[in-house]
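Me: Hi! Could you walk me through a protein model I have open?
Reply: Happy to, let's take a look.

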Amino acid sequence: MCLNPKIQHALFLTLLLTSFVILMQCTAQQAEEQTATQKPNILFIAVDDLRPELNCYGAQHIHSPNMDKLASQGVMFKRAYCNIPVCGASRASLLTGTRPTRNRFLGYDTYAEKDYPEAVTLPQVFRQAGYHTVSNGKIFHHQNDSQDSWDEIWKPKNEFGSNRDYRIPANVGLDTLENSRGMPYEKADVADSAYFDGKIANKAITDLRKLKENEGPFFLALGFLKPHLPFNAPSQYWEMYQRDRITLPDNYAVPENAPEAAIHNFGELRSYHDIPKNGALTDSMAISLIHGYYACVSYTDAQIGKVLDELDNLGLRENTIVVLWGDHGWNLGEHSLWCKHSNFNTALQVPMFFSGPGIPQGKTIENLVEYVDIYPTLCELAGVDPPADQLEGMSMMSLMNDENAQWKDHVISKYFDGISVRTDQYLYTEWSKSDTLAYARMLYDHKKDPNETINIAESTEMQGTIDQLQQTLHNNWGKDFNQK
């Protein structure tokens with residue numbers, strides 16, 4: 001039977017439209033399947049000496065809009081802790097996912113590949129999984145540490161040959177004198193790109209544009225150098241803060257009953273010009289240092305913002321996991337101390353943010369977490385298999401999805417002989433050469449004394465609590481802790 005030509009035409013159009021719809025549905029399904037199987041990129045941001053004194057952490061006097069925005073876009077960990085408060089060792093511990101021991105990951109000069117040569121580093125496990133890995137700035141303390149972790153390694157250079165990156169000629173001159181460094185801070189009328197962190201941000205932007213064209217995923221690590229000493233930043237960031245509104249901390253004194261082992265001479269700062277070799281700083285110098293630290297925080301925050309803006313502009317944000325962390329805390333006069341190198345909360349507590357696919361937005365987590373947890377978390381988020389029997393932390397994914405999930409009730413940190421355990425209420429530290437005898441102790445009740453002004457470790461009524469904390473510490477300080 002022959003159909004009317006008009007009916008034939010209508011049937012043809014219907015068939016054509018149906019085929020088109022089916023084709024579009026298949027294409028959309030294939031796109032969804034491809035997105036589901038595509039590995040997320042990693043933007044891994046380390047900030048040297050950054051303590052959690054940021055606006056998003058409640059410090060309203062700090063200008064940190066870009067880190068504040070990052071917190072609103074993902075998860076901010078309110079009580080994150082480093083496992084060792086010194087740069088080289090902290091980075092080696094975090095990047096291998098393993099704890100410091102009595103003989104491993106000790107000081108600033110630590111090499112991960114020397115202290116733990118058999119470890120597979122975090123960037124290395126991603127490289128083995130097909131990621132293109134790039135290290136810009138300071139990730140490991142030493143540029144030549146664990147080089148097989150990276151496809152590319154780059155650090156900015158200063159034309160004067162100084163790692164301290166002065167721009168003012170007088171400071172450059174001081175920095176070249178024997179047994180001397182320049183001033184501990186510098187306010188220079190220069191562009192952001194004059195200093196290392198501006199160069200790192202510009203390099204990152206160039207890298208992102210190139211990496212977008214690659215077929216595979218990337219692991220781009222950025223190690224910003226401020227607010228590390230010397231506190232050098234362009235003038236505009238100093239001018240964000242009024243000097244006459246900057247005050248010394250309330251706990252600007254040695255805590256009552258603090259053991260001698262808890263207090264150091266902040267030798268890192270003593271090597272700078274106009275800093276006395278011993279004794280307290282003048283109030284004027286102390287205010288200048290705090291001012292400089294704040295300026296550097298805002299300067300580095302601005303550089304981070306430039307990189308994150310470019311990530312958005314390139315359309316990479318929705319498939320990129322961003323993690324930002326400071327390698328340890330820093331003392332700005334608290335407990336009479338400057339720099340890190342201590343077991344007080346100011347040196348141990350750190351800022352940490354996660355943002356990206358699979359991560360809730362605008363969430364603050366109060367649970368205690370520690371840096372050995374970063375490695376397993378990134379592996380789970382990216383679907384990358386971690387090395388067997390190496391990692392000592394826990395993936396924080398369950399915690400990100402549900403802060404009431406079963407989780408650890410303590411974190412542990414160490415600095416040379418001082419080993420600390422932090423619980424919801426207490427920070428307990430003991431100094432020992434072995435696990436049989438502690439030669440010094442300190443205990444602070446953070447619910448009653450959050451500024452750690454009175455050491456109550458020798459209080460008779462606290463001995464039961466100390467016994468419990470000591471047992472928690474010894475049972476959880478790491479499988480290799482006492483090995484040679």
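Me: Which residues is Thr377 in contact with, leaving aside its neighbours within four places in sequence?
Reply: Thr377 is in contact with Phe354, Met394, Ser395, Met396, Met397 and Met400, where contact means heavy atoms within 4.5 Å. This is a predicted model, where local features need pLDDT of at least 70 and side-chain atom pairs count only at pLDDT 80 or more, while totals for chains, interfaces and linings use all residues. Residues are numbered from 1 along each chain as its sequence is written, and side-chain values use heavy atoms, with hydrogens and water left out.

Me: Is Thr377 buried or exposed?
Reply: Thr377 is buried, with a relative accessible area of 0%; buried means under 20% relative accessible area, using a 1.4 Å probe and protein chains only.

Me: New topic: how many cavities of 30 Å³ or more are there?
Reply: The structure holds 4 of them. A cavity is a set of points, on a 1 Å grid over the protein atoms alone, where a 1.4 Å probe fits but cannot get out. Grid points are joined across faces, edges and corners, and a volume is the space filled by probe spheres set on the points.

Me: What is the volume of the largest cavity, and which residues line it?
Reply: Its volume is about 50 Å³. The lining includes Asn66, Lys69, Asp309 and Arg317, and lining residues have an atom within 4 Å of a point.

Me: And how much space lies in the second largest cavity?
Reply: About 40 Å³, with Trp477 and Phe481 among the residues lining the second largest cavity.

Definitions and conventions
Buried < 20%, exposed > 50% of the residue type's maximum accessible area, 1.4 Å probe, protein only. 1 Å grid on protein atoms, 1.4 Å probe; cavity = no way out; pocket = protein on both sides within 12 Å on 5 of 7 lines; lining within 4 Å.
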